[in-house]
Amino acid sequence: MSKQYETVIGLEVHVELATKTKIFCSCTTRFGGAPNTHTCPVCTGMPGSMPVLNKQVVEYAMAVGLAANCHINQFSKFDRKNYFYPDNPQNYQISQLYLPICRDGWLEIETEKGIKRIGIHEIHMEEDAGKLIHDEWDDCSLVDYNRSGVPLIEIVSEPDMRSAKEVIAYLEKLRLIIQYLGASDCKLQEGSMRADVNLSVREAGAARFGTRTEMKNLNSFKAIARAIESEQKRQIEFLEEGGTVTQETRRWDDNKETSYPMRSKEDAQDYRYFPDPDLVPICISDEWISAVKERQPELRTEKLNRYQEEFQIPRYDAQILTGSKRMADIFEETCRLCQKPKEVSNWLMVEVMRLLKEHEQEPEQLSFSPGHLAKLIQMVEEHVINRTVAKTVMEEIFKNDTDPEAFVEAQGLAVINDEGELKKTIEEIIAANPQSVIDYKAGKEKAMGFLVGQTMRKMKGKADPAMVNAIVRELLSR
Amino acid sequence: MSILELTAVALGKKIRTGEITVTEATEAVLGQIRTLEPALNCYITIDEEGALRRAMEVQKAIDGGILRGPLAGVPVAVKDNICIKDMLTTCGSRILYNFKPTYTAEAVKNLEKAGAVILGKTNMDEFAMGSTTETSAFGTTKNPWNPEHVPGGSSGGSCAAVAAHECFYALGSDTGGSIRQPSAYCGVTGIKPTYGTVSRYGLVAYGSSLDQIGPVAKDVTDCAAILEVLASYDSQDSTSVKRADCNFTEALVDDVKGMKIGIPNDYLGDGLDEEVKKAVLAAAEVLKQKGAVVETFDLNLVEYAIPAYYTIASAEASSNLSRFDGVKYGYRAGDYDGLHSMYKRSRSEGFGPEVKRRIMLGSFVLSSGYYDAYYLKALRTKALIKEAFDRAFQEYDVILAPAAPSTAPQLGVSLSDPMQMYLSDIYTISVNLAGLPGMSVPCGRDSRGLPIGLQFIGDCFAEKKMIRAGYAYECSRPYEAPQLSKQGEEGE
Amino acid sequence: MANIISDETIEYIGILAKLELSDEDKEAAKSDMGRMLDYIDKLNELDTDGVEPMSHIFPIHNVFREDTVTNNDDHVNILRNAPEQKDGAFKVPKTVE
């Protein structure tokens, strides 16, 4: 009989902060841009350049720490992490090892067995590296320092998770908090949130932890789940065969659904951390902590409760709407514009969620404006378009954020509610379907439905169903 | 007195009164450079065209009443580890053989705002690591007093240039004595200010917690005036200190009555050349005659300063110099096999042996398992050394010491025994460890005719007391330049 | 000499510092480093129990910048000293993931 194993997982999550400038210089953090157009002597490691800390980075780090129930280290320093790599212009990364800004926090997640607390070991600030682009043509690599110096916070959890499900729950909770604070948009696909998974296995009931491996390059929740399953299996197989797990860093390949060890012998992984002499320590007063606490915006739970009260929508709906800050923002703004919370909620929860699934996107990626959704709702209300057509328009708004009025006009989708025109068409259809008339008069309601359906088809769905129904009934009753 | 013999401040005055034009002064010094450079090699880069162009601009601004400061129009030389936009900045190293910064160091910007005329960049020990300017990849600089001797280091080029009238003043940098020791060896005056006084933005870092830029000139008056211009709070440098009072020239008063001056006993023992000791004690006597109270005292911990310094400086240097990798600027090896090979070859071919030695030592003391035992231990020692000075300055206004244990050694004898060379920093490095201001002033010559330097050390932010003591001492002896005929024949 | 530096140590440091030494230089490096460490060992004579390591000399804290963009596109200057460049980026030998 094979033994029972327990998987032990810890996460190191890097989050790109939503500041306007980099952590140690006044270059923009704007995404994109031609290579090296968002750089200066500081973030490219020119000789004689020196770092100066962006205060907003400290504030965001504190805000996240407080929301994650951490203790704020009131005396905190930066340390240099020394290693050579081309995306690292100084060949050292400015990070925090000895005195990180936050420590000893926790988050609660919901599991099948109830609420579970996941510990947060520490949170620290550091700078991001540049980007390496591999040039196959010239068999070389090209370095772009636009991203070098973008501020990151690294959130290191305790090894408290035991399954992929728990990991996803933790990440979703973390992401929600950070989004709600406005500290980052946390888009896994765009790299503004990156998770490294530390995983080990041990026999159920064992006291000590097994040897752990670290996995990188996990770019979606699905990839994270797959990687965990795969690594768990790999380690268990090793142990079953009597081998030992090597402590190493592995790179996950989601296409091949497997991982590869990353280290080369050219890398000693001895980072020689020491306090950065070019930066001075950070002293955080009680007053500053209070000020940051006070500025904390409404977090998810409060919003959830408020939505139920203020908008009179069911808890279930409120949960889904507040499950993403972006979604919640769109909901509130749209409600503000059209004053119809139930309608807005419906559209978001049904059509928009369906479209997200179809396009394999996360709510954070929603890019349409609340104004357009509000207009759409109004147009349906005023019978300018019917619901079927509205769904088509919604898809257009979702994909291209097109103005619904303009789209309906251009595509000629407006409801046809010209009684005269409709009557004419219906008369033609009735004339063409004498059997249906007989059936209807014989008591088969279904026959009327058939005639209505035919009319709608002929009108290419643009007719107002209620009006069509009324006219058909009227004409049939003659 | 010829133009070249004028001090910077004296020249500045004559330029303001119109007696001498900026162009005249610049041409005179460029002529001197042309004549003596082949023998002395003080400069790595000379910008004749730029200097003459700038001279005309500055003259215009002076005539127009825009530039009125004491140093307007005075030509200056800048140590080659200080960045000047579009001017070759090599740090005395092959690895930066072609590097032209895209920006100018804040300290130089301050000089430019005051109307300085930049002559060029001076020779130095590679990356400021050395005490003789012999580790430069661009040849050694000769001591103008005796060209068979070193000028000292690492700011050897700057100090020799001042002594040889190849500039009216110069900028140096000091991490463990690199302004004060060569100033002593070349018979000129140099100041390392309190840490944080002069912006380090644009100074290529060696030991970041120890480095400072400072002036080298013919006398204390010049140095005080130059430091006043150099000192500024710079928001680009997180270690820059906002100082309330940088009016250093106010301290140029010949009055030390009642000033308490201490001489550490620990500095007067073994290893100190007899003639140097005599000169230092004679200087102490002069100050005593002027009314100062001069005593010896026990400073303590002196023998721990060098090991602490080399641990800390090498550690920081090993990290600061990691950026030189052939990727973004500077030397890249011609032949390599992959990324890590490129790193190794570029760095191994680009750096000289002393730099490599210190990078290796620094990497070692920070490496896994040794960090506590070496690096942290050195930082604790530094704390104790600072405390020792704090205690001393409760008793004394100024501390007096030699600048170096001997006068300038001969060329070619120092590098074979690096350990011995490190030991010669004994009087200067504690000052960097404690962040204090230090000033070297000439106080005589030895039997071979080589200059001896006297060091004044002040408490943190107490440059004024230090300057007053130095100025008062200096008033007792006129400035002596080495005998250098314009025809390039060096006399003795 | 109390500190004997091995070949392995020199090679290890070479990897950390990206320096490669000839066999002859390696011997000199081992001996130099050994001597320097012997000298640094002197620090062990000093009792530093209870003394905080002093990484910063003055009690300056909280030096910050405001989060305002003041740097512009300077890529021409940034690339000016590049030993090799292509398409606005720094060119290096292929990096292995």
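I start with one pair: A:Leu53 stands opposite C:Phe64 in strand E1 of chain C. Before going on, this is a predicted model, in which local features need pLDDT of at least 70 and side-chain atom pairs count only at pLDDT 80 or more, while totals for chains, interfaces and linings use all residues. Residues are numbered from 1 along each chain as its sequence is written, and chains are lettered from A and ligands numbered from 1 in the order in which they are written.

Back to that pair. Strand E2 of chain A and strand E1 of chain C, residues 64-65, pair in the parallel sense over 2 bridges. Strands here are DSSP E runs of at least two residues, helices are H or I runs of at least four, and both are numbered from the N terminus. Two strands count as paired if DSSP finds at least two bridges between them.

How many residues does the contact take from chain A and from chain C? It takes 42 from chain A and 35 from chain C, where contact means that C-beta atoms, placed from the backbone, lie within 7 Å. Elements giving two or more residues to the chain A side include strand E2 (53-54) and helix H1 (55-67). The largest share of that side, 5 residues, comes from E10(A). By type, the chain A side divides into 21 nonpolar, 13 polar and 8 charged residues. Nonpolar means Ala, Val, Leu, Ile, Met, Phe, Trp, Tyr, Cys and Pro; charged means Asp, Glu, Lys and Arg; the others, Gly among them, are polar.

Chain C also touches chain B, with 35 residues from chain C and 50 residues from chain B. On the chain C side, H2(C) gives the most, 7 residues. That side has 23 nonpolar, 5 polar and 7 charged residues.

Now the sheet. In chain A, an open sheet of 3 strands has the order E6-E5-E16, with antiparallel pairing. E6 (92-95) and E16 (274-275) are the edge strands, each pairing on one side only. E5(A), residues 79-82, is joined to E6(A) by 4 bridges, and A:Lys81 has A:Gln93 as its bridge partner there.

Chain A is divided into domain 1 (5-288), domain 2 (298-411) and domain 3 (419-476), with bounds from an automatic or database domain assignment. The centres of domains 1 and 3 of chain A, taken over C-alpha atoms, are 64 Å apart.

Last, confidence. Chain B averages a pLDDT of 95, and 98% of the residues score at least 70; pLDDT is the predictor's confidence in each residue, from 0 to 100. Over residues 486-492 of chain B the pLDDT is below 50. Where pLDDT is low, the predicted coordinates should not be read in detail.

How values were computed: Contact = placed C-beta atoms within 7 Å.
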